[in-house]
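Visitor: I would like to go through this structure with you. Could we begin with the aromatic rings and then turn to the ligand?

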Amino acid sequence: MMTAPDLSVMERDDEAQADFDALIAAEQRIEPRDWMPDAYRKTLIRQISQHAHSEIIGMQPEGNWITRAPSLKRKAILMAKVQDEAGHGLYLYSAAQTLGITRDEMTQQLIDGKAKYSSIFNYPTPTWADMGAIGWLVDGAAICNQVPLCRASYGPYGRAMVRVCKEESFHQRQGFEILLTLMQGTPAQREMAQDAVNRWYWPSLMMFGPPDDASPNSAQSMAWKIKRFSNDELRQRFVGMLVPQAEILGVTLPDPELRWDQDAQRWHMSEIDWTEFFEVLAGRGPMNAVRLQNRRSAHDDGAWVREAAAAYADKHAFPRSLSEERSDETKRAQPTGVAS
Ligand code: BYC
């Protein structure tokens, strides 16, 4: 009987690529079991692991204020928020692991200083108002960036983003509320809130990445429907969200050129200091060294926990020997608490 000849490797790859393209075009999700181009896998590992590292490093600037929060209620809220960030990091590491990289590899890249994480976490938090500014501006920018990522073409990433975004909304509101309380306080408190907004405004705009014409990854990531909007589009959307909220707060956004350009239908703003952005990316921001050193120390200090957990897992992974079982049975059979 005649059998059909096997498809050549090239033909099979073309077919797999065509199936992948069709799923993307039809707004369907790519799942871990599906074939995907190597470059798509690499891009996702890059973005998701950077995102996970950002959540984990992002615990530090706020963790700095847990022991100094001005009231028990503020401390409880801040602790819950920082714990949420740890949870986000863990969902994201898990999503990246579905692409074939291990958690250990990602952690090693971070502590070796080879992996990027968001530039925003390389700035200091000298006052309590920084907790308000981080919630309002940093979590606000994160929401603008991450809501579209809920529709990312890679299933595990998009699904992780849904829960992350719900929690980020709460974070943004708690930051707004901290600033609102300070703005209704004494002149010194109002000054502290404005100062924090002045320091965090520009770095929060940098969170969206370089301008579109200097963003090497955007075009391909948008074609793959990982990113749904460009860096500049999201930055515009963010500023549009901030302007009315700043009015309610009574704070000034530190850009004298900021105005709505009716003709261009976009926000006109001063040029962002991209030199500062690239300096921070190169590891020369105000807090880069401290953030990485803290992460390394935490990793070293946690070595015994990992070893204990691995030993426990090993112990339960294999059936116990017969003699161990027998010795347990003998112990159970002996009456306890009876004086001999
Ligand atoms: N910081 O071609 P581009 C949070 C890099 S945490 C550092 O535009 P892409 C929170 C970029 O990676 C949420 N690096 O890249 C936690 C690329 O370098 P490589 C953090 C940046 O990927 C605790 C190069 O510049 N959010 O909310 O198309 C407390 C060229 O850029 C940055 C995320 O991680 C930056 N700001 O677009 C409170 C969002 N910007 O990898 C809050 C997920 C760019 O080629 N990530 N770079 O060497 C994304 O949406 C995208 O990766 C980006 C960049 C929009 C950030």
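Predicted model: local features only at pLDDT ≥ 70, side-chain atom pairs only at ≥ 80, totals over all residues.

Visitor: How many aromatic pairs does the structure hold?
Guide: The structure holds 10 aromatic pairs.

Visitor: What about Phe20 and Trp35: why is that pair edge-to-face?
Guide: Planes over 60 degrees apart count as edge-to-face. The planes of Phe20 and Trp35 stand at 80 degrees, so this pair falls in that class. The centres of the two rings are 6.3 Å apart.

Visitor: And where in the chain are Phe20 and Trp35?
Guide: Phe20 belongs to helix H1, residues 9-25, while Trp35 lies in the loop between H1 and H2.

Visitor: Which elements give two or more residues to the shell around it?
Guide: Those elements are helices H2 (38-57), H4 (72-97), H6 (129-146), H7 (155-183) and H11 (274-284). The largest share comes from H2, with six residues.

Visitor: Which residues come nearest to the ligand?
Guide: Of the 35 residues around the ligand, the nearest are Gln50, Lys116, Ser215, Lys227 and Asn231.

Visitor: How do the shell residues divide?
Guide: The shell has 12 nonpolar, 14 polar and nine charged residues.

Visitor: What lies 2.8 Å from a nitrogen atom of the ligand?
Guide: That is a polar backbone atom of Ser119. Side chains take part as well: a polar atom of Gln50 is 2.8 Å from an oxygen atom of the ligand, and one of Arg46 is 2.9 Å from an oxygen atom of the ligand.

Visitor: How much of the ligand's accessible area does the protein cover?
Guide: The protein covers 90% of the 1,000 Å² that the ligand has on its own.

Definitions and conventions: Residues numbered from 1 in each chain as written. Heavy atoms only, no water. Near = heavy atom within 4 Å. Polar contact = N/O pair within 3.5 Å; in protein donor to acceptor, adjacent residues only side chain to side chain. Areas by Shrake-Rupley, 256 points an atom, 1.4 Å probe, with all protein chains shown as cover. Helix = DSSP H or I, 4+ residues; strand = E, 2+ residues; numbered from the N terminus. Nonpolar A, V, L, I, M, F, W, Y, C, P; charged D, E, K, R; others polar. Phe/Tyr/Trp six-rings, centres within 6.5 Å; stacked < 30°, edge-to-face > 60°.
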